[in-house]
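User: I would like to go through some of the labels attached to a structure and hear what each one rests on. Please set the values against the cut-offs.

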Amino acid sequence: MPVYPTEKKADRIFLLYILIWLVLGLVILTSASGPVGYSRFDDAYFFIKRQILFGLIPGVILFLFLARVRYEYWRKLSWVFYLGAILLMALVFVPGIGLVLNGSRSWLNIFGYSFQPAEMAKLGMIIMAAALLSNKKRDLTDWQNGLLPVLAIMAPILILVLVQPDVGTFSILVVILFFMLFVARVPKLYLFILGILGVALMVVMVLVAPYRLQRLTVFLHPELDPQGVGYHTNQAFLAIGSGGFWGLGLGNSRQKFQYLPEVSADSVYAVMGEELGFIFSAGLVVLILATIWRGLKIAKNTYDDFGKLLVVGIIVWFAWQSFLNIGAMVGVLPLTGVPLPFVSHGGSSLMTALAAVGIVANVSREN
């Protein structure tokens with residue numbers, strides 16, 4: 001397995017941004033998850049312990065490994081990653097293994113350990129798409145023989161997410177694939193048609209599911225049904241509004257005491273806004289934007305199409321997922337239930353994100 005000599009260094013500024021993002025996330029998660037951890041498991045540090053044990057430690061190991069192994073090596077194994085992701089996604093429909101939470105069959109429970117295979121699917125799809133789109137023999141201007149086969153190969157993972165159903169993850173995968181197609185120089189007419197089809201599909205998904213339509217209605221009119229469908233949104237507004245400019249102080253959130261739903265996952269940013277105020281919560285947004293800018297700079301300076309597409313896919317993943325989570329908390333997007341990268345509780349999410357950072361670090365060594 002090819003590795004880099006030690007004198008080659010990854011982009012340290014990008015890694016510094018990720019480190020700050022990660023440390024801040026662990027601090028916020030420790031504070032936000034304390035009351036619910038104590039209430040459910042008689043341990044205020046239950047969630048942060050799981051985050052470290054099942055997310056941080058294996059994630060750091062994967063990061064160090066993937067940062068050392070030449071990224072070109074994963075082109076050869078792209079089918080292995082992709083078929084493995086499809087297998088995991090299919091297992092959620094197997095009784096006794098797949099779990100149904102909040103009406104979505106998105107979790108696996110294997111030997112008592114539960115995780116979301118969709119997190120692995122994001123990285124698996126990125127590696128597969130990068131391998132297909134960087135193939136010099138593939139003419140992407142020929143929609144029938146070049147583009148259509150790529151979309152057909154990507155379809156199974158999208159369909160499996162769609163039927164779970166997990167609209168948030170589906171939108172993340174679609175946006176990742178769209179930007180990778182754009183960077184691969186797919187003709188703009190084809191991208192426009194695909195964009196129209198994607199929007200039409202999202203509209204149909206909202207219309208056929210009453211609870212999604214209710215979420216959209218609440219997004220447009222947060223004051224409606226504040227004790228029902230609009231409860232989550234209104235409590236998030238209350239938390240962020242209570243924080244004001246400077247915040248109530250780390251650990252002093254009131255909404256995390258069983259008022260705000262999913263404080264350790266979807267709503268962790270709202271708790272951050274309440275405790276640390278506008279300064280730090282806006283600072284996190286600036287940090288995310290700086291990370292995205294630095295990642296795109298790495299992609300721009302990468303001479304190899306496979307490496308460029310890998311980085312673009314990973315950076316778009318972090319960017320869009322962060323936008324979905326934060327946007328829902330501040331009221332510019334409907335609730336989708338996706339975690340905030342490097343902050344929300346979720347071992348599989350953190351582990352996979354750190355593995356993806358390892359790949360970006362490896363690509364940056366070529367600059």
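User: How many cavities of 30 Å³ or more does the structure hold?

Analyst: This is a predicted model. The structure holds two cavities of 30 Å³ or more. The second largest cavity has about 30 Å³ of space.

User: What makes the second largest cavity a cavity, and which residues line it?

Analyst: The lining of the second largest cavity consists of E119, W317, F318, Q321, P341, S349 and A353. Helix 13 (305–330) and helix 14 are the elements that give two or more residues to this lining. Helix 13 has the largest share, with three residues.

User: How much space lies in the second largest pocket, and which residues are closest to its centre?

Analyst: The second largest pocket holds about 320 Å³ of space. Of its 16 lining residues, F81, M120, L123, G124 and T352 are the closest to the centre. At least two lining residues each come from helix 3 (46–68), helix 5 (78–91), helix 6 (117–133) and helix 14 (347–364).

User: Why is E274 called buried?

Analyst: E274 has a relative accessible area of 0%. Buried means under 20%, so E274 is buried. E274 lies in helix 12 and touches, among others, A239, I240, S242, G243, L248 and R254. E274 and G243 are 31 residues apart in sequence, and their C-alpha atoms are 3.7 Å apart in space.

User: Why is S281 called buried?

Analyst: The relative accessible area of S281 is 7%. The cut-off for buried is under 20%, therefore S281 is buried. S281 is found in helix 12 (residues 268–300). Not counting residues up to four places away in sequence, S281 touches Y269, M272 and G273.

User: Why is L250 called partly exposed?

Analyst: L250 has 48% relative accessibility. Buried means under 20% and exposed means over 50%, with partly exposed in between, so L250 counts as partly exposed. The place of L250 is in the loop between helix 11 (231–243) and helix 12.

Note on methods
Residues numbered from 1 in each chain as written. Predicted model: local features only at pLDDT ≥ 70, side-chain atom pairs only at ≥ 80, totals over all residues. Heavy atoms only, no water. Helix = DSSP H or I, 4+ residues; strand = E, 2+ residues; numbered from the N terminus. Buried < 20%, exposed > 50% of the residue type's maximum accessible area, 1.4 Å probe, protein only. Contact = heavy atoms within 4.5 Å. 1 Å grid on protein atoms, 1.4 Å probe; cavity = no way out; pocket = protein on both sides within 12 Å on 5 of 7 lines; lining within 4 Å. Points joined across faces, edges and corners; volume = space filled by probe spheres on them.
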